[in-house]
Number of protein chains: 2
Amino acid sequence: MKKDNNYSVPGFLASAISAGLKKSSELDLSLIFSQKKAVSAGVFTTNRVKAAPVLLSQERIKKGSLRAVIANTGYANACTGIRGLNDAIQTADIAAKELGIDPEEIVVASTGVIGAYLPFNLIKNALPNLVKNLSPNGFKSVAKALMTTDSSPKMSYFEGRAGGHPFHLLGLAKGAGMIMPNMATMLSFLLTDINIDSQTLWPIFRSAVESTFNRITVDGETSTNDMVLIMANGIAGNRRLDMSDIKDFERGLTDVMGELAYMIAKDGEGATKAVIIEVNGAATSDDANTAARVVANSNLVKTAIFGQDPNWGRIMAALGRSGVKMEEDKVQIWIDGIKVVDGGIMTSEKEESKAAEKMKKEQVTITINLNQGRYKDRIITCDLTYDYIRINADYRT
Amino acid sequence: MKKDNNYSVPGFLASAISAGLKKSSELDLSLIFSQKKAVSAGVFTTNRVKAAPVLLSQERIKKGSLRAVIANTGYANACTGIRGLNDAIQTADIAAKELGIDPEEIVVASTGVIGAYLPFNLIKNALPNLVKNLSPNGFKSVAKALMTTDSSPKMSYFEGRAGGHPFHLLGLAKGAGMIMPNMATMLSFLLTDINIDSQTLWPIFRSAVESTFNRITVDGETSTNDMVLIMANGIAGNRRLDMSDIKDFERGLTDVMGELAYMIAKDGEGATKAVIIEVNGAATSDDANTAARVVANSNLVKTAIFGQDPNWGRIMAALGRSGVKMEEDKVQIWIDGIKVVDGGIMTSEKEESKAAEKMKKEQVTITINLNQGRYKDRIITCDLTYDYIRINADYRT
């Protein structure tokens with residue numbers, strides 16, 4: 001069952017603080033703590049340039065369990081060499097000491113400007129209060145502290161039952177630009193009290209990432225800091241999960257991650273609309289994914305959507321350069337259910353006008369049938385607007 | 001010798017007219033005519049969605065000689081099916097009749113909105129006057145008539161000597177958006193009076209395209225209508241070209257096409273700067289090309305350049321997701337000769353400030369050394385600005 005009001009999970013505490021990393025005195029340092037050792041899994045950016053916190057966390061998650069995550073915004077701690085790695089390790093060390101846990105049980109996440117060194121003293125000075133403030137109701141503050149160019153905090157919540165025991169699942173995420181997760185995603189933390197072992201958790205988690213975070217793009221830019229973590233503390237007290245329990249948990253996880261992924265795409269830097277690109281009838285599953293991704297990343301398609309112009313010629317041109325198997329005269333395109341292209345050419349100006357009307361909404365779905373085979377895929381993206389330029393031309397100033 | 005003032009070539013006539021295809025009464029239909037049969041070659045878009053004029057011209061150029069080119073702006077005549085192909089054939093037929101040549105000797109080029117049918121009657125009515133107006137001094141009008149979102153006409157001129165005879169080479173081009181030529185390019189016409197055979201012309205032409213038009217990108221969008229044509233009428237009267245003549249012609253052609261390609265990149269829709277991305281030390285030539293292209297097409301890199309911000313972290317992130325062989329700690333980056341990255345990390349804030357100063361100019365060169373091997377490549381692009389959004393959100397309205 002999907003719920004919206006209760007943002008807590010038994011056994012998890014959270015806290016956020018302003019450490020002075022952002023220019024204003026907004027929240028910028030956050031901590032999530034599990035009172036019990038939590039079965040954990042994570043996926044990380046596939047960018048060959050990986051931030052120090054990614055390198056450290058990737059190593060530490062291998063053991064399959066964690067107690068805490070510490071995250072900072074304002075600084076990505078990427079392209080910072082040995083000094084950056086040392087800053088990440090020191091941050092975890094001091095936090096672990098304050099929490100009274102093994103440093104190997106804490107991971108670090110960072111997001112912000114690439115290339116600048118962490119202002120480590122600010123973080124160090126803030127850590128004691130960060131730990132002191134831990135509370136079961138701290139998650140809304142954490143969601144706020146994770147924001148950079150995000151326009152609102154991103155949370156999603158689910159309650160289910162496993163072996164007759166209720167369990168809870170809370171998801172947090174941040175992300176608005178430099179978004180084209182690939183085998184990984186932007187920062188997202190998923191917390192649950194379900195009792196689950198690593199072997200059961202991993203494939204469910206992996207496949208949920210694949211169908212949610214790995215199906216969004218804002219600007220085709222895969223970040224150096226992408227990270228999704230899940231922690232399960234077992235406090236729900238259920239026994240070994242049976243098939244129906246697993247299905248329930250899987251659905252909950254996919255729902256929560258899907259909602260967070262949609263929030264990220266819709267909150268794409270400067271975006272006014274969420275845009276769903278559906279490709280059907282592709283010759284292979286790779287073709288379906290590539291076609292959807294190329295259309296979703298096309299600046300010309302995205303500016304036309306911002307202009308509320310059903311300029312389907314740009315969709316055809318994007319498909320044509322995508323490299324997928326296609327025949328121009330077999331392509332069909334719908335905009336929010338209005339068929340604008342059949343056999344590769346315009347259906348009618350009347351249908352185009354109807355489509356233009358539909359494009360005034362905050363969500364637009366473009367459906368493409370390549371009529372080459374039986375494969376399909378779906379990517380969620382957003383439009384490209386003046387504000388994307390404003391945000392990114394002025395990002396560091 | 002490069003010259004700027006004289007835009008004519010012996011034996012070639014040109015004409016442009018306002019046929020009513022553009023909303024204002026600007027020039028929009030143009031004709032280039034060779035008084036003698038001209039040895040000709042062409043390259044065309046690799047987009048799988050090809051405009052009707054591309055399909056027709058691709059077929060007709062196979063014979064290796066042409067007499068005329070007719071070009072319209074306002075309508076791409078792409079995604080227009082059989083009707084579009086028929087419109088292209090009819091246009092050529094009527095023009096050929098007016099010119100008194102074989103329809104097989106005329107090719108057609110179009111640029112503008114994809115998906116709309118050509119207003120064929122407007123073209124038909126304009127053709128007699130278009131032919132009547134042919135003149136040796138008509139090329140400036142043709143360059144204007146080719147413009148769509150271009151901010152200025154694009155012409156380049158060269159005079160050389162072959163076997164003691166002077167020859168002339170005139171290049172015309174259009175293009176500002178939907179620009180990432182690949183194995184072909186936007187509309188460009190090259191006219192020369194050199195006496196050359198097809199077998200000699202083709203490899204010189206092909207390699208000049210590869211190093212000029214195929215090395216620019218505005219927005220990563222390969223058009224459905226890309227076309228470069230060269231016509232050589234032989235009027236210069238030189239005998240068979242020797243090695244030194246060929247070198248001279250090759251240099252002239254590469255100069256002219258290089259200048260036109262630079263003009264297109266610099267005139268990228270909304271651009272304020274031309275940006276040269278140089279990649280050195282790549283492991284393979286494909287890696288060099290891919291790395292330069294991914295950086296050149298990165299919205300985040302391009303918006304940072306618009307903001308005059310030496311935000312090299314975005315260059316690192318783009319390299320990291322490009323898939324090329326790289327080691328983060330070997331990368332070096334210079335902005336207009338100022339080294340901002342060494343060993344994958346910032347050189348100093350002082351150097352960054354110097355780079356920021358350099359970025360105020362109208363041309364910015366970003367040089368990357370991957371230190372993986374001996375291959376290099378170079379792509380010319382532009383920044384991404386508010387005006388790209390304005391132009392493309394409102395394109396059809």
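Okay, let's start with helix α9 of chain A, residues 312-321, which is mostly covered: 9 of its 10 residues are buried. Keep in mind that this is a predicted model. The buried ones run from W312(A), G313(A), R314(A) and I315(A) through M316(A), A317(A) and A318(A) to L319(A) and G320(A). After α9(A) comes G323(A), and its phi is positive, near 85°.

Which residues touch the most other members of the largest one? Out of 187 residues, they are L172(A), L172(B) and I368(B). As for where that core draws its members, helix α6 of chain B, residues 243-266, gives the largest share, with 9 residues.

Let's zoom in on L172(A). Leaving out residues up to four places away in sequence, L172(A) touches I32(A), F139(A), V142(A), A143(A) and L146(A), then K154(A) and M155(A), then L187(A), S188(A), F189(A) and L191(A), and also L260(A). There's another core lying apart from the largest one, with 37 residues, including I179(A), I194(A), V256(A) and I276(A). As a general point, nonpolar side chains in soluble globular proteins tend to be buried together.

Last bit: how the chains relate. If you rotate by 180°, with 0.0 Å of shift along the axis, chain A superposes on chain B at an RMSD of 0.0 Å. So the two copies are related as by a two-fold rotation axis. Which C-alpha of chain A is nearest the axis? That's Y386(A), at 2.7 Å from it. And both copies use the same surface, since 100% of the contact residues of chain A recur in chain B.

How values were computed
Residues numbered from 1 in each chain as written. Chains lettered and ligands numbered in written order. Predicted model: local features only at pLDDT ≥ 70, side-chain atom pairs only at ≥ 80, totals over all residues. Heavy atoms only, no water. Least-squares fit on C-alpha atoms with pLDDT ≥ 70 in both. Contact = heavy atoms within 4.5 Å. Buried < 20%, exposed > 50% of the residue type's maximum accessible area, 1.4 Å probe, protein only. Helix = DSSP H or I, 4+ residues; strand = E, 2+ residues; numbered from the N terminus. Core = buried A, V, L, I, M, F, W, Y, C linked by side-chain atoms within 4.5 Å.
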